[in-house]
Amino acid sequence: MVPVTREAPSAPTDGAASPDGAGSTDAPTTPVRTDGPGTTAPGPSANPAPASTRAIRDSSGSPAPASARATRTNPGSPAPASARATRDSSGRPAPTSARATRTNPGPTAWEAPAATGPLDAVVELPGSKSLTARALVLAALADSPSTLRGALRSRDTDLMLDALHVLGVGSEVLDESGSSLRILPVTEPLPVTATAGGPPQVDCGLAGTVMRFVPPLAALAQRPVVFDGDEAARLRPLGPVLDALAALGAAVSELGAPGHLPVRVGPGSGALLRPADPADPTAPHRVSIDASQSSQFLSALLLVGALLPGGLEITPTGPVPSLPHIHMTVESLRERGIVVDEPSPQAPDGARSWRVHPGRPRGGEVQIEPDLSNAGPFLAAALVAGGSVTVPHWPARTTQAGDAWRELLPRLGGTVTTTVQPDGALRLTAHGTGRLTGIDADLSAVGELAPTVAALATLASAQGHPSRLRGITHLRGHETNRLAALVAEINRLGGRARETADGLEVAALPAGTRLRPACLHAYADHRLATFAAVTGLAVPGTRLDDVACTAKTLPGFPALWEKLLRSTAAQVPGSRAPAPDSWAEAPATTRTTQEAC
Ligand SMILES: O=C(O)C1=C[C@@H](OP(=O)(O)O)[C@@H](O)[C@H](O)C1
Ligand SMILES: C=C(OP(=O)(O)O)C(=O)O
């Protein structure tokens, strides 16, 4: 296996490489083996990024120069400022720099509104983060321009768009909301724009999709690209992707802690652009990868596989979490004409291979589904407050993990009904009474739903019901160590939670226990923020140190949540929903307080 190199920390230099490697300064200088597969994300003190590697950021802390983030109608020509407006959490266009920097909690906390009565709400959700990320990457590599409708515009997806611009991809915003986008693709070697002050840089923010899906594209580019992100992103695991790219012949240099951002990835001698076997150009490239820490490692390779001459065969060495996300990747490829062979579901871990046949994804129209994972907190609110919450445009068939809400919510004390819309999609309604039940669930396939499940489990524990969430070891490498964070926040509320080897347990409290209002911590994690919002419904006085981090995947969350709570069935004539003890007397409004957590 070709080693990933670890550089003595220094300001990275540009290394324009021709596909045959001439002129590359991206090649290893001191080949040093770094981490092995299975590395877990170290705690903050275990992973200090060397100060000198931070020199690639500018003095303001903004990782990428503004020019690199400009939306372009074709490579190299900056688009008008209006085309790159994004929305802040209030829905107003945000300055470009707002999405390039980490959310700063600041001195104010958000007062999570408590439920004042049963709900009767319809919530329209923006597009799926995961589908938007895949649609952007595949549109970037397509055989013709693509038009995305219903795309999510959030911090993660805007960073993805910015990253693709660095790789030469063009884009145009087609409507006022920014959710209709035209993407102008590139062919390999991807025309990465040279920059004067060093290698082009990609800011991954805290987006797993950006930090895992884009480095393989840099391995097909004209020159190396440096990837970095938030401090918290430097703790997220990346090593197996780097190992796999290096094994395939890319030039990979770790600039900080082994297996973590920042890294430089380049084409090296261009091995990924040549047949794996010159004697048999139809033979696929082959690689093994340990994807037990994140399904995104496997998705990252699947997304780029068709571009390699002969295609790519990938064999995960062990279990893969979040399998619906792998199906989503495979379906996204197939919808664009790429042939993918999947292993038999019966094949044991370590003996499963995915083969992506060579080809170029088709461009054209793509409609993005609403984000069903982000539907979770809103649907959960019906179980906590009582009443009902409806999400329209729920796809009748989907690969999204969030479809599992249909099965999970009834196990937590709710009921779920659907009606068919004229266009064939569903209107999905969650109904609740305020009475919750605990759950014992293996969430390995749907780990991103765990924080919302944990919020309901916490409230169920105060009604006398224990819960156990299993199969989610990999949540320790999410935006924060979610198992540790959830346990800390549940206990801060007066619950009794503990980490297990592969998840967490929430012990039953005496039925009728009143949880303690507290100022909860988001850890810059959007799903910890929505955990606080859901628990706050039944624990009046709950506050949150950083609601702005919800902009990672759902800009406008506080306003949407406030609107949800205004739609109480109590205000609907004829409503007869029961009034649980936990309802607050205060009206449901979202406020911030000057008091810090
Ligand atoms: O591919 C994707 O879009 C995602 C895959 C999953 O990652 P993990 O397998 O790391 O959990 C999921 O949790 C994440 O929110 C999005
Ligand atoms: C794990 C998540 O995000 P990411 O795509 O950054 O991994 C998530 O959204 O729950």
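**Briefing: two domains and two ligand sites**

In this predicted model, an oxygen atom of ligand 2 is placed 3.5 Å from a polar backbone atom of L206. The chain is assigned two domains, each built from two segments: domain 1 covers 111–125 + 371–566, and domain 2 covers 129–269 + 277–354. Between them the two domains bury about 1600 Å². The points below take up the ligand surroundings, the domain interface and the aromatic pairs.

**Surroundings of ligand 2**

- Ligand 2 has 14 residues around it, and those that come nearest are K129, G208, R236, R527 and K552.
- For R527, a polar side-chain atom lies 2.6 Å from an oxygen atom of the ligand 2 molecule.
- The side chain of H526 also takes part, with an N or O atom 3.0 Å from an oxygen atom of ligand 2.
- The contact at L206, by comparison, involves a polar atom of the backbone, at 3.5 Å from an oxygen atom of ligand 2.

**Surroundings of ligand 1**

- Ligand 1 is surrounded by 13 residues, of which S130, R134, S294, S295 and E448 are the closest.
- A polar atom in the side chain of S130 is located 2.6 Å from an oxygen atom of ligand 1.
- H478 brings an N or O atom of its side chain to 2.8 Å from an oxygen atom of ligand 1.
- For K129, the distance from an N or O atom of the side chain to an oxygen atom of ligand 1 is 2.9 Å.
- K129 is also listed among the residues that come nearest to ligand 2.

**Interface of domain 1 and domain 2**

- The C-alpha centres of the two domains are 30 Å apart, and the contact draws on 19 residues from domain 1 and 23 residues from domain 2.
- Of the area of about 1600 Å² buried between the domains, 55% is on carbon and sulfur atoms.
- On the side of domain 1, the residues that lose the most area to domain 2 are T399, H474 and K552, which together make up 35% of what that side buries.
- K552 is also one of the residues that come nearest to ligand 2.
- Eight residue pairs are in polar contact between domain 1 and domain 2.
- The side of domain 1 that touches domain 2 consists of six nonpolar, seven polar and six charged residues.

**Salt bridges**

- Two salt bridges are found across the interface of domain 1 and domain 2.
- E331 and R397 form a salt bridge through their side chains, with an N to O distance of 3.4 Å.

**Aromatic pairs**

- The count of aromatic pairs in the model is four.
- W110, F378, F557 and W561 are joined into a cluster by ring pairs.

Note on methods:
Residues are numbered from 1 along each chain as its sequence is written. Chains are lettered from A and ligands numbered from 1 in the order in which they are written. This is a predicted model: local features need pLDDT of at least 70, side-chain atom pairs count only at pLDDT 80 or more; totals for chains, interfaces and linings use all residues. Side-chain values use heavy atoms; hydrogens and water are left out. Domain bounds come from an automatic or database domain assignment. Contact means heavy atoms within 4.5 Å. Buried area is the accessible area (1.4 Å probe) that two parts lose on being put together, summed over both. A salt bridge is a side-chain nitrogen of Lys or Arg within 4 Å of a carboxyl oxygen of Asp or Glu. A polar contact is a pair of N or O atoms within 3.5 Å; within protein, one must be able to donate a hydrogen and the other to accept it, and residues adjacent in sequence count only if both atoms are side-chain atoms. Ala, Val, Leu, Ile, Met, Phe, Trp, Tyr, Cys and Pro count as nonpolar, Asp, Glu, Lys and Arg as charged, and the others, Gly among them, as polar. Rings of Phe, Tyr and Trp (its six-membered ring) pair if their centres lie within 6.5 Å; planes under 30 degrees apart count as stacked, over 60 as edge-to-face and the rest as tilted. A residue is near a molecule or strand if one of its heavy atoms lies within 4 Å of it.
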